[in-house]
Amino acid sequence: MREVLVVLFDKITDQSKSINELKERLEKQELRNSENDKLIEKLKSNPSSASSPNIASPVAQPERKQTPPKKNPFQTLILTGHKKGVEVVVRLDDGRLVSCDGDEIRAWNLKTGQCVKIISGTYGVKSMAVLPDGRLLTHNQIGLIDMWDLERQENIKSISSKGVVYSITTLKNGQFATGGNFAGAIGFQDKVCIWNAEEGEVINAYPGHGGPILALSALQDNRLASASADKTVRIWNLEKKHCDKVLNGHTGSVNLLTTLPNGLLASGSEDKTVRIWNVDNGVSIRVLTFKLSVWGVSSLVDGRLITGSGRNTVHAWDIESRTAIKINSGHEAEVRTLTTTLDGRLVSGGKDTTIRVAGVTE
């Protein structure tokens, strides 16, 4: 019994010590609280007369400007509906866009973003052109040139090209031009052919290129530019029916052409350059160099050149200063074609089956 009492006494003694220690801590904490209260009251009444090493005065921080998230300046309207990659997009005079994925033509209302017409069964179309009256021209892989009535959504006429067509464009007088390899008096030749659209017959043929003619662009004065795998661009005088000039400078196949609003001509090549030409004297006045082959060229209404190079990158160039705005097109796969709308927006068609329309204002 004595041993039990000794143990209980020791426990009581320990608890008393713990209680005394807690009382001392509580008294010290109350003293600190009282001192802090007095200091706070003093600071409130006269902030400049009191200071404490234990309380730091707040330091004014500069206001941080909130940086808004970066917007993609390219992507404003996405047109969907094609089941395959978009190969070509052209515009109509009424503001609509027309696109083709090889096997299907679609017309788009840009105000609503809706597809308003569909023509199926075009069979491997790689390029397309629009006649002044709105009829469409396409060429396919089996040598046919087809004329389409978009409003009635039907094929008006199929013309045998008697060869292989690589490029097609329309002329102001209602005629159209094709570039390709066609049968002639001395066998097949690479040549530019001028066609009567109503009769479906060749009016004039211009041989001279030493390779497939991959792009055509009508100039402003009844001349026509043609680009070829032979690394040259030729300027044809359709009135005098001969070649005015041969533009040399590219070291690879020339696949792309576009006429700029100021009358200059831009050509894109597999040599990873775009050349700007004065077509009157045949001089290359600018050379734009890229890391990858160029897959598209077009122009904005303000005169800037649009180029596509790489997987989905587009540049808007000021030709005089050779400076460019780099734009990510937003496509998830390779971009195949570029054009512009009547109100100056940029259009791209991609292998991801979409068409994207946006303004470029910078």
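How many helices and strands does the protein chain have? There is 1 helix, and there are 28 strands. Keep in mind that this is a predicted model.

**Figure 1. The whole chain, before zooming in.** The protein chain counts 362 residues, and 46% of them are buried. Take the contacts with a separation of 6 or more: 38% of them are between residues 24 or more positions apart.

**Figure 2. F176 and W195, a stacked aromatic pair.** The model has a count of 3 aromatic pairs, and this view shows one of them, F176 with W195. The ring centres sit 5.7 Å from each other, with 5° between the planes; planes under 30 degrees apart count as stacked. F176 belongs to strand β11 (residues 176-184) and W195 to strand β12 (residues 187-196), so the pair ties together parts 19 residues apart in sequence. Both F176 and W195 are buried.

**Figure 3. Y206 and W236, a tilted aromatic pair.** Here the centre-to-centre distance is 5.3 Å, and the planes of Y206 and W236 make an angle of 35°. Y206 comes from strand β13 (residues 201-207), W236 from strand β16 (residues 233-237), so this pair ties together parts 30 residues apart in sequence. The cut-off behind both calls is under 20% relative accessible area.

**Figure 4. T178 and its surroundings.** Stay in strand β11, where T178 has its place. T178 has 0% relative accessibility, so it counts as buried. Which side chain does the T178 side chain make a polar contact with? That would be W195, at 2.8 Å. W195 is also the stacking partner of F176. Setting aside neighbours within four places in sequence, T178 is in contact with I145, V165, S167, I168, K191, V192, C193, W195 and L216. One of these contacts, C193, is itself buried, with a relative accessible area of 3%.

**Figure 5. Strand β3, covered on both faces.** Strand β3 spans residues 97-100. On one side of β3 are L97 and S99, on the other V98 and C100, and all four are buried. For C100 the relative accessible area is 0%. Cysteines or not, the disulfide count for this model is 0.

Figure 6. Strand β2 (residues 88-91) runs antiparallel to β3, joined by 4 bridges. β3 is likewise joined by 4 bridges to strand β4 (residues 104-109), again antiparallel. Follow V98 across the strands: V90 stands opposite V98 on the β2 side, and A107 is the bridge partner of V98 in β4. Which residue in the turn between β3 and β4 has a positive phi? It is G102, at about 105°, in a hairpin with 3 residues between the strands. The hairpin of β2 and β3 has 5 residues between its strands, and there G95 takes a positive phi near 100°.

How values were computed:
Residues numbered from 1 in each chain as written. Predicted model: local features only at pLDDT ≥ 70, side-chain atom pairs only at ≥ 80, totals over all residues. Heavy atoms only, no water. Phe/Tyr/Trp six-rings, centres within 6.5 Å; stacked < 30°, edge-to-face > 60°. Helix = DSSP H or I, 4+ residues; strand = E, 2+ residues; numbered from the N terminus. Buried < 20%, exposed > 50% of the residue type's maximum accessible area, 1.4 Å probe, protein only. Polar contact = N/O pair within 3.5 Å; in protein donor to acceptor, adjacent residues only side chain to side chain. Contact = heavy atoms within 4.5 Å. Pairing = 2+ DSSP bridges. Disulfide = S-S within 2.5 Å.
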